[in-house]
Amino acid sequence: MSKNYLEWQGRVLHGTRAGLAVLASCAWLAGCSGEIVAASSMRAGPPPSAEPPAAGSGAANTPEELGAYERCTALPVPAVTRIARLTHRQYQNSLRDLTGLDLPVIAEFLPDPHQAGFDRGIDLQVGDVLAADYRDMAERAASALVSDSAAYARVLGCSPDQGDACAKTFIASVGKRALRQPLTAAEQTRYLELFHSGAELFDSGDDFQRGVRITVEALLQSPKFLYRAELTPGAALSPYETAARLSYLLVNSTPDAALMAAADMAQLASEDDVAQQAARLLSGAAARETVRDFHHQWLDLDVFPNKLTKDPQRYPNVTPALAPLLQQEVERFVDAISFDRKRGFVSLLTAPLGFVNKTTAAIYGVRGTFGDGLQQVELDPSQRAGLLTQIGFLASRAYSQGSSPIHRGVFIQRRMLCNMIPDPPANVPALPPVDGTTIKTTRQQVDQHTAPAACASCHHALINPVGFGLENYDAVGAYRTSENGVAIDATGTLAGTAAGTAFSSGVELSRALADAPEARACYATSWFRYVLGRVEQAADVCAISAIAARLDDDSYTPVALLTDLARSPSFRARSGESP
Amino acid sequence: MMSLPRRRFLRGLGGIAVALPFLEALAPRRARADAAPKRLAVFFCCNGVNMERFWPSTPYGALTADSLMGTGMEPLASYASKLLVARGIHLVPRGWGRDPAGGDDHAKAIGHRLTAAANQNSQERYASGPSLDHVVAASINPSGKGPLNLMVGYRATDVLGSISYTGAGQQAVPFQDPWKAFKAWSGVSASSAGATAADGGTLMDLGARRRRSVLDLVKSDLDALRNSSVLGQADKAKLDMHLTSIRSLETSMVSSGVAPAATASCALSEARTREISAIDPNAVTRDSEYQTIGGMLLDVMALALACDQNRVATLQWGSGAGGPIFSWLGASADDVNTKYNHHKLSHGATSDAATSPTLPTDQWKTALFNIDQWYMQSFKGLLDRLAAYSEPGGSVLDNTAVCYMNDLGDGLGHNWMDLPNIIAGGAAGYFKLGQYVKLTQGNQTANDTDAPSNMLLTTLANAVGAKQKDGSPLTNFGSAPTGKPGEFSELKK
């Protein structure tokens with residue numbers, strides 16, 4: 001491990017020891033009893049230990065003065081797969097970057113299961129359906145390439161009139177880009193033989209086009225294209241393996257020319273080299289897509305269409321058809337905060353920035369004239385603060401006629417605090433009706449419903465105190481001050497955190513979350529899982545903690561976060577082992 | 001030949017010129033007409049049934065059409081002599097009241113029902129082992145290729161999204177689009193692989209020769225990668241699966257173009273093919289398409305089994321804790337079936353979260369009964385389709401073990417005891433058909449815990465001839481410690 005990384009660790013850790021007690025990772029509240037155990041010690045992989053790492057494991061001893069926290073840096077980077085299959089999006093983007101053609105890979109392929117909570121898991125497989133889909137897509141791409149004269153000329157980079165010289169150039173250049181490393185002499189020979197055989201195996205196109213087609217078909221089915229293979233023995237990655245990690249993990253596609261050039265010159269060995277390339281990759285439009293996609297999945301925006309069926313008498317304007325607009329609102333907000341304003345986690349949870357159209361402006365109570373599209377507005381800062389006060393979230397965690405503190409509280413505990421809460425048992429009685437007489441408010445209803453001891457251990461200890469903070473927002477997320485004539489009581493505490501900060505509104509709840517070390521740790525952990533495509537293990541806590549410790553700085557943007565993640569040993573190295 | 005957009009594939013060309021490649025592609029793969037293979041078909045429903053009215057009305061023993069009249073199974077009455085209705089099977093290891101931990105019971109059951117493996121963890125609940133269909137397919141499909149996994153309706157992207165697993169934590173995602181599923185195994189491809197030599201003089205078409213050249217190279221690269229000394233067992237297993245998949249591509253490729261002339265029974269009609277190809281891929285998961293897509297997937301499933309394109313197929317109807325609104329079963333706009341989805345009705349409630357009845361009892365129980373009968377009608381549709389294909393030993397149905405399963409028994413109580421299981425078809429004489437059988441020793445099928453579901457999985461696997469690596473029959477399917485070894489002998493002839 002480089003001295004540089006430790007200095008960086010020391011720098012970002014300054015003054016944050018207290019927060020590290022919760023280990024910056026997901027916490028498990030055993031049976032909702034409030035006992036917090038670091039999840040990393042429960043999952044696969046060894047617990048943090050002071051024992052020296054095995055020789056050759058890639059870890060280094062850490063200076064004594066850095067203290068107990070640094071023990072985790074002495075753990076070897078965990079053994080994870082050495083052959084990570086491309087996700088369908090990575091495949092689609094790679095195809096686009098290699099050929100200049102946009103082919104509907106994601107629409108055509110069967111979706112993959114989610115791993116570690118996101119659709120970017122590194123442990124995906126190739127079964128017979130996908131093998132056939134890969135074959136068909138490779139044939140389709142090759143056919144489309146030779147039919148598109150501009151794309152064809154660009155990809156070739158030489159004139160077919162040169163014959164074999166051009167064939168060799170084409171194989172060397174496209175082969176290197178597709179397989180993300182230079183072809184060996186043996187590979188070059190085999191692909192040239194295949195190229196020549198193409199002339200006999202098609203009934204259309206000239207011989208050169210036939211050669212190109214069959215070569216592209218083979219390259220796109222090569223395991224070196226389909227898997228990010230990391231075969232360098234030991235813990236270090238080769239420059240080409242590092243280039244692939246940088247490109248796929250940060251911007252979801254194949255390395256660009258500059259990255260390959262850096263790998264050619266072995267300029268990806270040091271932490272600074274990697275950080276420099278990460279910053280370069282993240283300076284373009286692809287970073288916006290990464291930040292959008294992460295927040296889309298983290299905030300589970302895909303549930304909106306299924307959760308917006310409302311009482312048509314009371315809420316005629318809120319239907320599942322509004323879902324795409326509400327998803328766009330969240331994505332525009334995240335983009336504006338992260339890139340236009342260059343702010344970070346705190347602003348995501350506190351900024352009263354809205355994107356509304358004529359339908360949602362009415363729900364937000366924003367005056368003015370609006371059309372069908374979204375328009376940026378400032379919202380009332382006494383009523384709205386960031387992600388948790390947006391109507392998409394509030395309305396999709398609510399009933400058709402009323403709010404749902406339980407659904408909102410569970411979401412915050414699970415997604416934003418990474419507290420594991422078990423699902424409710426079977427045969428829970430129905431919520432008693434809010435009848436306006438014996439039960440006047442949703443808060444009373446939920447209190448009464450969850451009063452039995454078996455419920456209270458989760459609900460009173462964790463779920464309700466948080467969910468009640470959003471009681472100022474009704475079934476569609478509109479602001480309210482009373483329910484059935486009773487003033488709203490939105491007081492609560494940030495249960496499931498060490499500080500347990502008290503609040504009396506959704507705005508204060510959001511602020512308390514932004515300030516909570518546990519929420520920062522959870523946000524950092526979620527990013528880790530998204531980027532690395534796996535659940536963290538004990539040794540990864542260093543990388544996560546270092547990021548969590550910087551989230552109190554609102555100028556720490558997602559791009560800066562990603563760059564730091566790229567610096568970490570979890571990103572730049574691997575275990576010598578393979579599962 | 002240029003690639004063709006999906007919608008225009010048939011419409012744009014039309015006629016016999018296009019129909020012919022279909023027929024060739026669908027020709028039976030087996031060479032010997034006297035050896036009909038055994039197959040396995042799983043028909044999987046969710047949210048339980050109306051237990052009060054589901055089961056046969058006559059005592060254990062012979063099952064007749066009369067046993068089924070007036071029950072949830074009434075649509076199957078004409079098949080009574082080919083059914084085996086089993087009582088008392090429960091999940092391994094848990095049943096209602098025996099599981100101290102809270103949690104979404106649908107999620108726990110879905111990951112477990114076809115795997116008999118514990119949930120991997122208490123959060124995602126993916127199964128910790130492979131499912132029956134994948135284990136059996138690896139053994140009885142000639143190329144070792146995976147089963148045909150299909151699903152009707154909305155699919156969640158979590159554990160509820162599939163009953164099938166290729167291995168621990170590796171959920172197999174099912175096809176939902178019938179056209180996509182059909183294309184995947186029928187040899188229909190939008191690619192140019194069907195081109196033939198201009199002189200027509202070669203038996204193997206150009207596409208097949210080209211694919212062979214390409215796949216030879218791919219295979220040698222995969223072999224080289226697999227032999228890399230730095231890879232561990234799990235990574236090697238991943239590449240083994242990839243290699244098996246490539247070999248199965250090669251097998252289907254060799255048949256393509258040199259297959260014997262097709263029989264008429266082994267193809268969809270041109271009209272039906274056109275209907276399926278015209279489905280809007282973005283609409284396949286909608287409730288409004290549930291009946292239509294369900295029927296198409298049954299066609300695809302039956303055809304794949306009958307034409308020996310795959311010997312194992314599963315069809316999952318919706319997700320537990322959800323399911324469609326069966327509006328077509330509602331007599332009026334006020335009917336609860338017109339208003340509430342299957343899961344809500346299974347709890348007699350107007351909300352997915354509330355789990356004790358709030359609707360009038362007769363209404364939701366009747367609605368569930370009607371839903372049960374609708375699913376049984378669909379199950380009959382599968383049996384009809386399989387029975388329509390004649391082959392040695394009778395029909396395809398006679399050579400297949402068809403099994404109806406459900407993630408729950410009583411949906412209201414999320415009960416994992418006394419799960420509904422109906423075997424049909426018999427797997428070439430393996431099962432004792434025309435029987436209503438109790439598998440628990442005592443009489444309390446809803447409470448006795450001596451008939452764990454893993455034994456049913458063991459029985460089904462052996463019924464269709466699946467073998468362990470050493471060639472011996474399976475002895476104890478799944479990895480749950482509370483499962484039991486052996487088969488249910490009461491089910492066997």
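In this predicted model, Leu156(A) lies in helix H6 of chain A, which spans residues 149-156. The residue is buried, with a relative accessible area of 3%. This value falls under the 20% limit for burial. Beyond its neighbours within four places in sequence, Leu156(A) is in contact with Phe170(A), Phe208(A) and Val212(A).

Nonpolar cores were examined next. In soluble globular proteins, nonpolar side chains tend to be buried together. The largest nonpolar core here holds 107 residues. Within this core, Leu246(A) and Leu513(A) touch the most other members. Setting aside residues up to four places away in sequence, Leu246(A) touches Val251(A), Leu259(A), Leu268(A), Val274(A), Gln277(A), Ala278(A), Leu281(A), Ala566(A) and Phe571(A). Another core, of 68 residues, lies apart from the largest one. Its members include Leu110(A) of chain A, and Phe54(B), Ala77(B) and Phe326(B) of chain B.

Helix packing was then considered. Two packed helices are described by the angle between their axes and the distance between the axes. Helix H13 (residues 271-281) and helix H25 (residues 558-567), both of chain A, have axes that come within 9 Å. These axes cross at roughly 150 degrees. Angles over 145 degrees count as roughly antiparallel, so H13(A) is roughly antiparallel to H25(A). The crossing of H13(A) past H25(A) is right-handed. On the H13(A) side, Glu271(A), Asp272(A), Val274(A), Ala275(A), Ala278(A) and Ala279(A) take part. They meet Thr563(A), Ala566(A) and Arg567(A) of H25(A). By class, the residues of this contact between H13(A) and H25(A) are five nonpolar, one polar and three charged. Val274(A), Ala278(A) and Ala566(A), which take part in this helix contact, are also among the residues touched by Leu246(A).

A second pair in chain A is formed by helix H14 (residues 285-298) and helix H15 (residues 323-340). They pack at an angle of about 135 degrees, and their axes are 10 Å apart. H14(A) and H15(A) are therefore oblique to each other. H14(A) also passes H15(A) in a right-handed crossing. From H14(A), the contact draws on Ala287(A), Arg288(A), Val291(A), Arg292(A), His295(A) and His296(A). H15(A) contributes Glu331(A), Val334(A), Asp335(A), Ser338(A), Phe339(A) and Asp340(A). The residues of the contact of H14(A) with H15(A) comprise four nonpolar, three polar and five charged.

Technical notes
Residues numbered from 1 in each chain as written. Chains lettered and ligands numbered in written order. Predicted model: local features only at pLDDT ≥ 70, side-chain atom pairs only at ≥ 80, totals over all residues. Heavy atoms only, no water. Axes fitted to C-alpha atoms, helices over the stretch in contact; angles between N-to-C directions. Helix = DSSP H or I, 4+ residues; strand = E, 2+ residues; numbered from the N terminus. Parallel < 35°, antiparallel > 145°, perpendicular 65-115°, else oblique. Left-handed = near helix turned anticlockwise from the far one by under 90°. Contact = heavy atoms within 4.5 Å. Nonpolar A, V, L, I, M, F, W, Y, C, P; charged D, E, K, R; others polar. Buried < 20%, exposed > 50% of the residue type's maximum accessible area, 1.4 Å probe, protein only. Core = buried A, V, L, I, M, F, W, Y, C linked by side-chain atoms within 4.5 Å.
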